[in-house]
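Please look over the sequence and the model shown here.

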Amino acid sequence: MRETVIVIDFGGQYNQLVARRVREAGVYCEIYSYKTDIEKIKEMNPKGIILTGGPNSCYEDDSPTYTKELFEIGIPVLGLCYGAQLMQHILGGVVEKAPVREYGKTETFFDNNSKVFTDIPEKSITWMSHFDYIKEAAPGFKVSAHTKDCPVAAAEDEEKKLYAIQFHPEVLHTEYGKEILSNYVYNVCECKGDWKMETFVQDSIKAIKEKVGDGKVLLALSGGVDSSVAAGLLSKAIGKQLTCVFVDHGLLRKNEGDDVEAIFGPEGDFDLNFIRVNAQQRYYDKLKGVSEPENKRKIIGEEFIRVFEEEAGKIGAVDFLAQGTIYPDVVESGLGGESAVIKSHHNVGGLPDTVDFKDILEPLRDLFKDEVRKAGLELGIPERLVFRQPFPGPGLGVRIVGEITEDKVKIVQDADAIYREEVDTALKEYLKENGKEADWKPDQYFAALTNMQSVGVMGDERTYDFAVCLRAVKTIDFMTAESSEIPYDILNRVMTRIINEVKGVNRVMYDLTSKPPGTIEIE
């Protein structure tokens, strides 16, 4: 019965970010659609409620809304952007099309007497994104922040614990956004802050033991962060009752298959049954002659199911099939929140019908990615695995443009290893010399292999080899991204090493494309 703050989603792009910020403050938070019935909200008895932004105008008849009763049940409510406008509109304020649209970093002036703006400077930068604005605050509300063009950047009714904020405190561009949300959960909602990863791990181990009993559990271990942490957690709870099947499809990063086996295999620190299936050649044969990206994805996904199915058949009936499902999977699949369905629930959606199990275990279902990493460290999983960069399900299959061959896989593995090594070394040196992280530090970086071959000269001889493409992006949520400005001397060092050390490459390029219009992955 942990204390909980609820985010009611009105279709805003930052719904998950709001929940993450609350959790970072030490308070558990979940996302629900605005279609969630008020009685269900009451039953959950949350410590606070946050209304997200959204793309609509609250005064239009077909826009998402909520019952006025939400603001009368005595639970503190914080409205953000659209949520702030909706609160004011429902309670008698005036919301109209703004004479001046605000978008981006905006100088904002605060009333520090407000509980949500305690210890916030009287003037700082916030992130605005709105066509409409609150022209007049609702009766009983007083204005607690404003900008040059927005007379009601924030308003509150302290007695009823209702707070409306026009800007987005959840994004990093708002200078004191984390402090504002922390003030809300502690000063207004009076939370204690009992959401700690150490407690989650201990509680989860106990819950898994109780649910599984003496049953058997089967887990498809990909080597990624989510499935690895799930394996670690289940291992601590049930030991050899867990069997992990690791399918090495030959499309992993350099030495990654051996790294996974070293951690979870017989010589590793975890007490479980580990099965490694070396299916590299099987995948290469299936992918021969295939160059269309979606076809490659489907073949890689389908073949994984078949391999896993065969191994499961050898094991026989199990009581539980475990998965590394995490909270964004649930939200993005439409099972929580109100944002558009971004992807199907990829774990559940791909289950082979022939695997004989009674129930599904999803021990990480409540966690965001950063929390999964913290849980991994609590479980003793090495940092090199816990902080591994995001890696697509089809692996290097979507980082090789055109047909996939064993030779091409080796080229991109070697080039990628050099690139990551040089960037990692440069980042560590910068941190050591400057006492802070480099402002160019990318959130994801990798090498990909284009299908372009070009003429070059090496050792006074003509070459006709491949071009490697380097990618590095900075992003908050991976929904949008910008190219990272890695210093030229580092890129030049990477280029020199790749051309000298990787056979079959005579050209190295750097991808400057943002997302959108591009994607983070090459295919």
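Buried means under 20% relative accessible area, exposed over 50%, and partly exposed in between (1.4 Å probe, protein chains only). This is a predicted model, in which local features need pLDDT of at least 70, side-chain atom pairs count only at pLDDT 80 or more, and totals for chains, interfaces and linings use all residues. Residues are numbered from 1 along each chain as its sequence is written, and side-chain values use heavy atoms, with hydrogens and water left out. Helices (H or I, at least four residues) and strands (E, at least two) are DSSP runs, numbered from the N terminus.

**Helix α8**
- In α8 (residues 280-287), the buried residues are Tyr 283, Tyr 284 and Leu 287.
- They lie on the same side of α8, because their arc around the axis is only 100° (taken from the directions from the axis to the C-beta atoms).
- Their cover includes β11 (242-248), α9 (293-315) and α14 (406-434), where contact means heavy atoms within 4.5 Å.

**Non-glycine residues with positive phi**
- Cys 81 is not a glycine, yet has a positive phi of about 55°.
- Cys 81 sits in the loop between β4 (77-80) and α3 (82-90) and is buried, at 5% relative accessible area.
- Glu 190, also not a glycine, has a positive phi of about 55°.
- Glu 190 is in the loop between α4 (177-188) and α5 (197-212) and counts as exposed, at 52% relative accessibility.

**Cis peptide bonds**
- Lys 515 and Pro 516 are joined by a cis peptide bond with omega of about -15°.
- The bond from Pro 516 to Pro 517 is cis, with omega near 10°.
- Pro 516 lies in the segment after β18 (505-510).
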